[in-house]
Amino acid sequence: MAGAKETPRQKMIGMMYLVLTALLALNISKEVLNGFVKVENSLRTTQETLSSKIHDTYTTLELKYNSNQEKVGPFYDEAQVIVEKSNTLIKYITKLKAHCLATSEGDFEEQVALNFEKYFGTDEFGNDTVLNLKFISKKDEFQALTTYMVGGKSHSPKVGEWTANGLKLSLEAYGEYLKNLNVTDIDGVDRTISQNFLKSLNEKFSFSKEMEDGKEILWESANFYDVPLAAVIPLMSKMIIDVQDAEEDALAWLLGAIESKSLKFSEVMPLTIPQSNYILRGDTVRANIFLAAFDRTKKPEVYVDPNNWDGKDSTELDYVGLGIEPLDVNEQGQGLLAMASKGMTLGQYQYKGVIRYQGAEGDMQSQPFFTPTFTIAEAALVVSPTKMNVFYRGVPNPVEVSVPGVPSNKLKVAISSGHKINRQSDGTYIVEPANSSSNKVATISVRGEMPDGSISNLGNAEFRVKRIPDPVPFWAGKKPSDRTITKNEVLSFAPLAAKMDNFDFDVKVRVKSFTIRLSKDGTFKELNSPNNRITSDMKALLNRVKRGNTIYFEDIIVGMPDGTERMVSSLKLKITS
């Protein structure tokens, strides 16, 4: 059997614990401490649920033993040993939690004489438990706790039963016992746990060094050195859950091994069967997902009728009469169907077949099946520019390239000479057109790798290449379409700016120089700026303007993203007040 997977609730609790632990490293606030209390309470609820599940599995085992002691005896005896070892370890971890609570609260010596009765007891179901974390006043205490669990040297944790090292050794010993489970059944067949169960145990009871700030540190120090009580208690509750999970897996394995006439499978694997193999954007992806069991030592025989099923004839496939050869079968017991679509007409196809496998009694049995529906269609290239229908020089032009029925990682995208196209991490592409104004067209060509490994041309798409439009000058909130300005706005002495007005790309430009010409009393005064700012001479001139004067911003030179410079349109502003 496979090892038990974490439930969504356990995954959520685990994620909460990681987030709160990270927050502890930044600041131990009341909210963070209360967050750990919530995690701890959720873990305690999970413990109760697992206890009930373990009880049910063990009761089922006991009932089978009472009905057939000779056959079930070896499995039942092993179950009793596992339950005893599990209960002993859970009680030890629970009492160690009580030690940690007393140490942090400062009344450890007093509680030793009282067998920690303030912190350790049994709940309404008779299970060992400790005082709820919410009733502890020093949730953020870590100095005394570190000394008790690890000692003063993080690189050399102290040893002993009631230490982090003792806890690690106890968990490792329990995990090693389960990894080596071996039961000889009534027929003299040795039963050992599956590789999936073994992998689950290795993940739960592995306590190797951990990385912290780029350095390897011992497991004891990583989890108990300078770690506040609020984080330690939920961590130890998670350890109890790991023990319960392993105990439940072991009992379930024993229960499943009893039925000798059941079909034997050495592995299970998830399978996803799509309801359609051709999904258009906007449609819904639908699939049936389930676990499939197989035995690596007994591969099935898989036969498929090469003729398209008409949807009417549902009789079992006569593979012998039709002279159909079995498919190749891989190590996972999967028949490998491969049919060339060359020569097929466009449309939908479905095939029927049969799987032959060895039954519980050694006889060959058959199971008919029908494949999902396949859609045979012409390749349809889709190239969608995400900004506009042209490419602009001097800026990155994002585009999406997709072909229905072909995964994006199987596409080979190229662009015509002089231009560049680069694939991004999100699967989109960036086009950088050639700088030459004579290169006015960019052609994107796409090839795709087909399921059989062949490369097919999927089409071309042609785009115009244009230069970026001229920027528009702005001063004191005014642009060329404005004609008037107040003196108060003039005296703001704002820098002269230029923007890409009504342009979809995020392009930044900067004024590099400009000229002010002031019409006053029938004469012109002209001043130059070598950048985008109003010079002191300009400020002195503008201070003297009055109603009816006209200010001209001319010879405005703007630097573009591609390194070129452009002269943009002028501003003409008449002072109205």
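**Strand pairs and a helix pair**

Student: Which residue does Ile421 stand opposite in β21?

Tutor: Ile421 stands opposite Val431 in β21. Keep in mind that this is a predicted model, in which local features need pLDDT of at least 70, side-chain atom pairs count only at pLDDT 80 or more, and totals for chains, interfaces and linings use all residues. Residues are numbered from 1 along each chain as its sequence is written, and side-chain values use heavy atoms, leaving out hydrogens and water.

Student: What makes β20 and β21 a pair?

Tutor: Strands (E, at least two residues) and helices (H or I, at least four) are DSSP runs, numbered from the N terminus. Two strands pair if DSSP finds at least two bridges between them. Strand β20 (residues 420-423) and β21 have 4 bridges, in the antiparallel sense, so they count as paired. They form a hairpin with 5 residues between them, and Gly427 in the turn has a positive phi of about 95°.

Student: Why are β17 and β19 called edge strands?

Tutor: The open sheet has 4 strands in the order β17-β23-β22-β19, with mixed pairing. β17 (390-392) and β19 (411-415) each pair on one side only. Neighbouring strands of this sheet are turned by 35° against each other on average, direction ignored. Inside that order, β22 (residues 441-449) and β23 (residues 455-466) run antiparallel and share 9 bridges; Ile444 has Ala461 in β23 as its bridge partner.

Student: Why is α7 called roughly antiparallel to α9?

Tutor: The axes of α7 (residues 195-204) and α9 (residues 229-258) come within 11 Å and cross at roughly 165°. Roughly antiparallel means over 145 degrees (under 35 is roughly parallel, 65 to 115 roughly perpendicular, the rest oblique), so α7 is roughly antiparallel to α9. Which residues meet there? Phe197, Ser200, Leu201 and Lys204 in α7 meet Asp242, Asp245, Ala246, Asp249, Ala250 and Trp253 in α9. They divide into 5 nonpolar, 1 polar and 4 charged.

Student: What makes a residue count as buried here, and how many of the 577 do?

Tutor: Buried means under 20% relative accessible area (exposed is over 50%, partly exposed in between; 1.4 Å probe, protein chains only). Of the 577 residues of the protein chain, 40% count as buried.

Key
Axes fitted to C-alpha atoms, helices over the stretch in contact; angles between N-to-C directions. Contact = heavy atoms within 4.5 Å. Nonpolar A, V, L, I, M, F, W, Y, C, P; charged D, E, K, R; others polar.
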